[in-house]
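Here's a quick briefing on a single chain. Have a look at the model first, then read on.

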Amino acid sequence: QVQLVESGGGLAQPGGSLRLSCAASGFTFSNYAMSWARQAPGKGLEFVSGIYSDGRTTYYADSVKGRFTISRDNAKNTLYLQMNSLKPEDTALYHCAKEPASDYVGNYDYWGQGTQVTVSS
């Protein structure tokens, strides 16, 4: 079965950096686009970033563009999110999500339990 396990979250100061990882198993990772989505307290799930199966096409929410970088290692079945210049409004539970196709993002069919990111001084 599909398993997505996130790691790398924690407490960061404003302006700081964190790198999230997502270990994927139970499906052919290299065949599917992947995304990161986040949920802040009291809010719905928000798309953060997505990447096509070949890693060449990426998408970002306007709120993180220029600060976050998504990448993937198909040989290691791992998805990453490098987060720089963190802001308090980035505080949320970050989920790794599998897409149902190789070249479409924002329509997740599976997601992990999430890793908490808290940005505070």
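This is a predicted model: local features need pLDDT of at least 70, side-chain atom pairs count only at pLDDT 80 or more; totals for chains, interfaces and linings use all residues.

Residues are numbered from 1 along each chain as its sequence is written, and side-chain values use heavy atoms, with hydrogens and water left out.

**Overall fold**

- Along its principal axes, the C-alpha trace spans about 40 × 25 × 25 Å.
- Of the 121 residues, 41% are buried (under 20% relative accessible area; exposed is over 50% and partly exposed is in between, with a 1.4 Å probe and protein chains only).
- Take the contacts (heavy atoms within 4.5 Å) between residues at least 6 apart in sequence: 56% of them join residues at least 24 apart.
- The accessible surface comes to about 6,100 Å², and 44% of that belongs to carbon and sulfur atoms. Areas come from the Shrake-Rupley method with a 1.4 Å probe; for residues, only the protein chains shown count as cover.

**Aromatic cluster**

- A search of the whole structure turns up four aromatic pairs. Rings of Phe, Tyr and Trp (its six-membered ring) pair if their centres lie within 6.5 Å; planes under 30 degrees apart are stacked, over 60 edge-to-face, and the rest tilted.
- One of the pairs is Phe27 with Phe29, which is tilted, at 6.3 Å centre to centre and 50° between the planes.
- Phe27 also pairs with Tyr32, this time edge-to-face, at 5.9 Å centre to centre and 70° between the planes.
- Put together, Phe27, Phe29 and Tyr32 form one aromatic cluster.
- Phe27 and Phe29 are both buried, whereas Tyr32 is partly exposed, with a relative accessible area of 25%.
- Two rings here have a charge over them (NZ of Lys or CZ of Arg within 6 Å of the ring centre and within 35 degrees of the ring normal): the charged end of Arg72 sits over Phe29, 4.3 Å from the ring centre, and Lys98 lies over the face of Tyr32 at 3.8 Å.

**Ser35, in a strand**

- Ser35 belongs to strand E4 (residues 34-39) and is buried, at 0% relative accessibility.
- Its side chain makes a polar contact of 2.6 Å with that of Glu99 (a pair of N or O atoms within 3.5 Å; within protein, one must be able to donate a hydrogen and the other to accept it, and residues adjacent in sequence count only if both atoms are side-chain atoms).
- Leaving out residues up to four places away in sequence, Ser35 touches Phe47, Leu79, Cys96 and Tyr108, among others.

**Ser17, in a loop**

- Ser17 lies in the loop between strand E2 (10-12) and strand E3 (18-25), and is partly exposed at 43% relative accessibility.
- The side chains of Ser17 and Asn84 are joined by a polar contact of 2.9 Å.
- Beyond four places away in sequence, Ser17 touches Gln82, Met83, Asn84, Ser85 and Leu86.

Notes: Helices (H or I, at least four residues) and strands (E, at least two) are DSSP runs, numbered from the N terminus.
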